[in-house]
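Okay, thanks for coming, everyone. I'd like to walk you through some side-chain pairs and then a patch of core, so let's get the picture up.

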Amino acid sequence: MNKQCWMLVMLIATAMLTGCGPKPRGADFLLLTPEAAEQLNYRVQWQQTLAVPKRVSMDRLDVLGDVLAAIDSDHVLSILEASDGAVRWSRQVGTPAERVTAARRGNGWITVGAAGTAYVYDENNGTLEHKVALGHVASTPPAIDGNFAVYGSPTGVVFAQDLVRGFVAWEYQLTGGIVADVIIAENTVIACDSNGSVAAFNPTRGNLLWRRVAPPWRRITANPVGSEAFVYVAGEDQALYGFERTTGRFWKYLSESPLTTSPVLIADRVFQDIPSEGIVCFDAYTGDVFWRAGNTHGRVVMMTRNERVLVSQDNQLVLLDSETGQVKGRIALPKANMLET
């Protein structure tokens, strides 16, 4: 994805939190001002206002290729076109009492989980194609592999459910509840549990490829990220790990703080917000430290072609030099509550 498209998606994300009702047009209406966009060498492409009551907030926003999936606090799922912000369709998911997970996209469908049920909608028109009773209560959004959706459960079971035919294809019991998202890196399922286990599975058959449990590892609550070669896990044992995807061998960086935020992988660099050190930039293959931005905390959202690392922090973007970590500027985003790329 080119640089312009990355920023387009981020601006879309900020634009979805305005609520309903008539709004005055002009600069005050924009969530990102033209001046702020110009500082980033971009322009505001579009802004969309979802028709939701004032008491309703935006709970989740997921970028699913050429569409965005927004879920509000009333459990209404809205699918928007990434190109122009048009609302393709909206559907109520489950009941207000149920916990709704993030949306995920399969081959022609979009699924959202609520309690022990997976709702599967046609991605084009929102028709409910399947309502699947899950084999276990899911505590995570699914990782999608074909028609299989791989979930983690609060009891530590990793399981793959066929969302078309409804059956559980395989399951595996870990030692602790699963809070962090289950992911698929290349053709490998990665799951982490609250006792510090990191396990890799074949997504189709569910056979265990490798598992690492080494005291004093502690629970893992931050979502892992993966590439073709490595999987990166931040743990509350104060360490960031880079696991070789196929073997489970790893490098380790030990900090002075429990890590509860997810690492961010961009190209051959891994970024981790460490409470005692700030944003730390690592070599993705070796774990060597390139730099530390000691006074900067937040979530790295992208790295631009003009060699800037953008960090989302308290209604602003902090611009860091990608080679040194030095702060090169700040851009105020006073109306934005959420940024996604």
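By salt bridge I mean a side-chain nitrogen of Lys or Arg within 4 Å of a carboxyl oxygen of Asp or Glu. Strands here are DSSP runs of at least two residues, labelled E and numbered from the N terminus.

Quick housekeeping: this is a predicted model, so local features need pLDDT of at least 70 and side-chain atom pairs count only at pLDDT 80 or more, while totals for chains, interfaces and linings use all residues. Residues are numbered from 1 along each chain as its sequence is written, and side-chain values use heavy atoms, with hydrogens and water left out.

So, is Asp-321 buried or exposed? At 13% relative accessibility, Asp-321 counts as buried, and Arg-308, at 23%, counts as partly exposed. The cut-offs: buried is under 20% relative accessible area, exposed is over 50%, and partly exposed is in between, using a 1.4 Å probe and protein chains only.

Next pair: the side chains of Glu-323 and Arg-269 meet in a salt bridge at 3.1 Å, N to O. Glu-323 is in the loop between strand E27 (316-321) and strand E28 (327-332), Arg-269 is in strand E22 (residues 269-274), and they're 54 residues apart.

How many salt bridges turn up in the whole structure? The search finds 13. Among the residues involved, Arg-60, Asp-62, Arg-104 and Asp-181 are linked in a network.

Okay, on to the core. The largest nonpolar core has 15 residues, and those with the most contacts inside it are Leu-77, Ile-79, Val-93, Ala-103, Ile-110 and Val-112. Strands E2 (67-72), E3 (76-81), E6 (109-114) and E7 (117-122) each supply at least two residues of this core. For the record, a nonpolar core is a set of buried Ala, Val, Leu, Ile, Met, Phe, Trp, Tyr and Cys residues joined through side-chain atoms within 4.5 Å.

Last one: what does Val-112 touch? Leaving out residues up to four places away in sequence, its partners include Ile-71, Leu-77, Val-93, Ala-103 and Tyr-119, where contact means heavy atoms within 4.5 Å.

Note on methods:
Helices (H or I, at least four residues) and strands (E, at least two) are DSSP runs, numbered from the N terminus.
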